[in-house]
Amino acid sequence: MRFTKFGLTTLRDTPSEAEIVSHQLMLRAGLIRRLASGLFTWMPMGLRILRKVETIIREEMNKAGALELLMPAVQPAELWQESGRWDKYGHLLLRMKDRHEREYCFGPTHEEVITDIARRELRSYKQLPVNFYQIQTKFRDEIRPRFGVMRAREFSMKDAYSFHVDQASLEEGYQVMHEAYTAIFNRLGLEFRVVDADSGEIGGSRSQEFHVLADSGEDAIAWSDDDDFASNVETAATLRPNGKPAAPTLQMERISTPNTRTIEDLTTLLKVNSSQTLKTLIVEGDDQPVALILRGDHELNAIKAARLEGVAAPLTMADPAAIRMATGCEPGFVGPIGLDIPIYFDHATSAMSDFVCGANEIDTHLTGVNFGRDIDTPQTVDIRNVIEGDPSPGGKGTLSIARGIEVGHIFQLGTAYSAAMNATVQDQDGKDVVMAMGCYGIGVTRIIGAAIEQNHDERGIIWPEPLAPFDVVLIPINMHRSDTLREAAEVLYTELQERGLEVLFDDRDARPGVKFADAELIGIPHRLVISDRGLEAGELEYRHRRDDDSRVMKRDDALNLLFGSTLKLQSADS
């Protein structure tokens, strides 16, 4: 492809609306252009990358035995009403009416449509298991679209749905998809981790997320190198500490703490570490408010807390008036001693001694508090997020915390949708059984943003080679002033293409510095520079995008290096 024929416009300055690196570089490199909030046009360069992602996904899904189809993006409301999600899905669902006032939505996902297909097409257990997939445009009406393609309203997604005669078959199909996803992200050249996750709005009994590791990732994931454990922080379990707390060394004392409503204020005033304090959070309950007690330096896990008996879901903090009515105290000074509402203590509190907590009296706290002496030793539950250094729930080692960008999610849905929509087949005894379902999604457009977040420097994008829009960029220096150089560059361009490489030939009449800057911004892995001086010496200048320096090499050596590198990549993909 000749640069002058490609219609590519790069930007020197970063657009003001771009908040993160991937958004900035995608705009500057001409991969996307903004149409409206959360809506982007994929320009020719960006579309080349998008198609490469889709190709790898298709190849691995087909290899895993999945069948590609294409479902309508616009879906009738009655299917969503039948499953119970028309109201449950909330404002993310873009609803619309046709000229006959019939209600529809622009699909954010396709569980209902595929279940409708399955109940019409599948009759016998002999047709199972089966896995259908598509790569298609989705729409979710995000309240605040941001981060470019990472949190857009319209996006491309690969979604797959499997149907099984029983749970055992579902688990086998789920494992096949786990292996297929692992192969996909390995082939894309991305560093990733697979973590246990909450099923969220999709539902189901088990789910795992595939996260591309990047410092800018929105999600925190916990993992251990000493065993196979990896989980989203939201679902990672904490353990009750072994042994008993240290023996008391202080007497309980009531301390005046005026205007000290936060853990930060309390630790500053009393000159204690936050790990020596208890914080009491009052949340709404089914019948009355509920107290959740954690160590002062720990963070409440809303997903875990919402599953506790008597706690209202979704988890909602009680308002100040409700707190005063339930505790007789102002918010900020509530503590567990004498509290007459249901109380849950986090596991970590069981190891504490000589701690500080609220006294249930305005401007007052208690110090030197100990379990077994000042307050009964409690039964504890897991209601906090894990932190760096916690014991691994897998049984070996300790946890590390990394940032990740979710790019894939696989679910064991069970019969949640098939039962609601009466999707059954006859088993080998002739009885109708509800099919078990699996659901498997990959954010195709999001992968590209995540890849950039993981692979960039101050000069631009550094594409993993399977994602690169071109294998090599060919840059002649001052070609328009030398017929000999022009002819040599054209010969080299043809030779590279005939050898199966995708080449961007920078045939612009532009300064070398401009061409080099654009090549690094776009992130093409290999760069060949041809000049009059090099031509006379039979040499080319070669540089890999990840290298700091260029190498001047004999023409044949440079080409052998280039062809060897790309051949190795092609062999790894095949």
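# Close-up views of a predicted model

**Figure 1. Overview of the chain.** Of the 574 residues of the chain, 51% count as buried, and the coordinates shown here come from a predicted model. The chain contains 16 helices and 30 strands, and its C-alpha trace spans about 95 × 70 × 50 Å along the principal axes. Among contacts with a separation of 6 or more, 69% are accounted for by residues 24 or more positions apart.

Figure 2. Helix H13, which covers residues 483-498, has 16 residues and reaches 23 Å from its first C-alpha to its last, close to the 22 Å expected at 1.5 Å a residue. Buried within H13 are Leu485, Ala488, Ala489, Leu492, Tyr493 and Leu496. Seen down the axis of H13, these buried residues fall within an arc of 140 degrees, so they line one face of the helix. An α-helix has 3.6 residues a turn, so residues three or four places apart point the same way. The face of H13 turned away from the buried side carries Asp483, Thr484, Glu487 and Glu498, which are exposed. After the helix comes Gly500, whose phi is positive, near 90 degrees.

**Figure 3. The packing of helix H2 on helix H12.** Two packed helices are described by the angle between their axes and the distance between the axes. For helix H2 (residues 21-28) and helix H12 (residues 444-454), the angle is about 105 degrees and the axes are 8 Å apart. That angle makes H2 roughly perpendicular to H12. On the H2 side the contact is made by Val21, Ser22, Leu25 and Met26, and on the H12 side by Ile448, Gly449, Ile452 and Glu453. By residue type, the contact of H2 with H12 divides into five nonpolar, two polar and one charged.

**Figure 4. The surroundings of helix H2.** Six of the eight residues of H2 are buried, so this helix is largely enclosed by the rest of the structure. The buried residues are Ser22, His23, Leu25, Met26, Leu27 and Arg28. They pack against strand S1 (32-36), strand S2 (39-42), H12, strand S24 (456-457), strand S25 (460-461) and helix H14 (512-522). H2 is followed by Gly30, which has a positive phi, near 75 degrees.

**Figure 5. Arg459 in the loop between S24 and S25.** Arg459 lies in the loop that runs between strands S24 and S25, and with a relative accessibility of 25% this residue counts as partly exposed. Leaving aside neighbours within four places in sequence, Arg459 is in contact with Glu520, Leu521, Arg543, Arg545 and Asp547. Arg459 and Gly523 are 64 residues apart in sequence, while their C-alpha atoms are 8.9 Å apart in space.

Figure 6. Most residues other than glycine have a negative phi, and most peptide bonds are trans. In this model a cis peptide bond joins Leu128 and Pro129, with omega about -5 degrees, and Pro129 lies in the loop between helix H6 (111-121) and strand S7 (130-139). A cis peptide bond also joins Ala313 and Pro314, where omega is about 0 degrees; Pro314 is placed in the loop between helix H9 (302-306) and helix H10 (320-327).

**Figure 7. Two asparagines with positive phi.** Asn259 has a positive phi of about 55 degrees although it is not a glycine, and this residue lies in the loop between strand S13 (253-256) and helix H8 (263-270). Asn259 is exposed, with a relative accessible area of 67%. Asn422 likewise has a positive phi of about 55 degrees without being a glycine, and its position is in the loop between helix H11 (416-420) and strand S21 (424-426). Asn422 is exposed, with a relative accessible area of 57%.

**Figure 8. Ala180 in helix H7.** Ala180 lies in helix H7, which covers residues 167-187, and is buried, with a relative accessible area of 6%. Not counting residues up to four places away in sequence, Ala180 touches Glu60 and Ala64. Ala180 and Asp532 are 352 residues apart in sequence, and their C-alpha atoms are 49 Å apart in space.

Definitions and conventions: Residues are numbered from 1 along each chain as its sequence is written. This is a predicted model: local features need pLDDT of at least 70, side-chain atom pairs count only at pLDDT 80 or more; totals for chains, interfaces and linings use all residues. Side-chain values use heavy atoms; hydrogens and water are left out. Helices (H or I, at least four residues) and strands (E, at least two) are DSSP runs, numbered from the N terminus. The expected span of a helix is 1.5 Å times one less than its number of residues. Buried means under 20% relative accessible area, exposed over 50%, partly exposed in between (1.4 Å probe, protein chains only). The arc is that of the directions from the helix axis to the C-beta atoms. Axes are lines fitted to C-alpha atoms, for helices over the stretch in contact, and angles run from 0 to 180 degrees between N-to-C directions. Angles under 35 degrees count as roughly parallel, over 145 as roughly antiparallel, 65 to 115 as roughly perpendicular and the rest as oblique. Contact means heavy atoms within 4.5 Å. Ala, Val, Leu, Ile, Met, Phe, Trp, Tyr, Cys and Pro count as nonpolar, Asp, Glu, Lys and Arg as charged, and the others, Gly among them, as polar.
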